[in-house]
Amino acid sequence: MSNSAAYEPLTPESLAGRLGTLEAVTRRLGPDYSQWTVHEVGDGNLNLVFIVASTTGSVIVKQALPYVRLVGDSWPLPLYRAFFENCALVRQAQRTQGCVPEVFHFDDVQALIVMEHLRPHVILRNKLIKGERVAGLGIFVGEFCAQTAFRGSELSMKSADKKADVGIFSGNVEIPAISESLVFTDPYFAAARNSHNHLLDPLVESLRSNVELKSRVQKMLMKFASNAETMLHGDLHSGSIMSTDNESKVIDPEFVQYGPMSFDLGMVTANFLMAYFSQPAHRGDELDDYQQWILSVISESLQTFRTEFRRLWNTERTGMLFPTSLFEDQGHDSSMACDQLLADINIDAMVFCGIEMHRRCLSLAHNADFEKIEDPAIRAPLEARNLEMGAQLILEANTVSDESLLISMAERYNQRNIL
Ligand code: SR1
Ligand code: MG
């Protein structure tokens, strides 16, 4: 595809002709593009995603649309977001080992990325809805969050490099704006794009009239928008993880931005909790066992985050923050500083977790864990547990100092009949 051609969305019919001479693709699929098969498989909210295959291999082609796919062309969105997604994939590949799909080609004008087709991985959220387990998931998530948080920050990076990178990503305005409104603001008033299960009306009304709750959430929005601590994935949920039964990868960093180290950890924890609360509607057999497994994933991911973060603290602390020249070189142990930082990260992660639990039931872009429960009367009490626990996390995060307290809180809410 020529770089000079104007942007044009791909279709399954046009793709082979348009990418047929691209070396990144022909190397894997062969030169006879008349033999390629193309399927559009995008089920996300923003982009086109194609699987392109031949007898010799397959690749993913992801292309940005000039609007929000979920809503339509009434909500324009700049194509340049593909540039930031590509930057994020490249940086995540450097900061983690084999945790993200490999990028084969990026075309700025066509806003498209050709990347590794993960096979036989499927979207983790679908596995969780089906009741399937993924070995090593908690460790994977904890390590991914710790490595990207630490290695993308000035605990590790040279300040000049990190500041230059913040400068690059500050050009991305509209994507953070989506999170700023959909995640932090819209859930707490009757915003135009919101929807919720109307059996929850009294509970929603009570959340929306809780001024302390709204204020805490807005304080977290301030951190989210201002604390450029590290490069975030920005949308780390179970739809952004693809897994087999024993291997996982993180995809779709299109919501990348600089932000607080606690954000991705909080978001992914919320999505595991929503998987947990929705389970009674998805299975009868083995409900308890499966819910316990989800809780063990949460516990393991939070523990692993701390363990991996401490390991990096002791082995890769080469940035200007908490320098070894100030601690170890003076004969001073820095482990207390690390523990305090981890405690702060944990508190903020718990608040972000509560906020994500709210927005997936109250704002635009709900999650399938609840949405696949067709009967609103079955869904409402499960959503209510999720909403109430979210509120407690936002208001009392400082009391949830470790994963065992989070897990017992989830178990208590799971027993409650709120509606
Ligand atoms: C308009 S985009 C809505 C949501 O989809 C993405 O997955 C993000 O979570 C975003 O908030
Ligand atoms: Mg996505």
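Ligand 1 of this predicted model is surrounded by ten residues, among them Leu-46, Val-68, His-237, Phe-255, Arg-360 and Ala-365, each having a heavy atom within 4 Å of the ligand. This shell divides into 5 nonpolar, 2 polar and 3 charged residues; here Ala, Val, Leu, Ile, Met, Phe, Trp, Tyr, Cys and Pro count as nonpolar, Asp, Glu, Lys and Arg as charged, and the others, Gly among them, as polar.

Polar contacts (pairs of N or O atoms within 3.5 Å) come next. Oxygen atoms of ligand 1 lie 2.6 Å from a polar side-chain atom of Asn-45, 2.7 Å from one of Asp-235 and 2.8 Å from an N or O atom in the side chain of Arg-359. The protein covers 96% of the 320 Å² of accessible area that ligand 1 has on its own (Shrake-Rupley method, 1.4 Å probe).

Ligand 1 sits in the largest pocket, with more than half of its atoms within 2 Å of the pocket's grid points. A pocket is an open set of points on a 1 Å grid over the protein atoms alone, where a 1.4 Å probe fits, with protein on both sides within 12 Å along at least five of seven lines; lining residues have an atom within 4 Å of a point. About 1100 Å³ of space lies in this pocket, taken as the space filled by probe spheres set on the points. Of its 49 lining residues, those closest to the centre include Asp-43 and Ile-123.

Local features need pLDDT of at least 70, side-chain atom pairs count only at pLDDT 80 or more, and totals for chains, interfaces and linings use all residues. Residues are numbered from 1 along each chain, chains are lettered from A and ligands numbered from 1 in written order, and side-chain values use heavy atoms, without hydrogens and water.

Key: A polar contact is a pair of N or O atoms within 3.5 Å; within protein, one must be able to donate a hydrogen and the other to accept it, and residues adjacent in sequence count only if both atoms are side-chain atoms.
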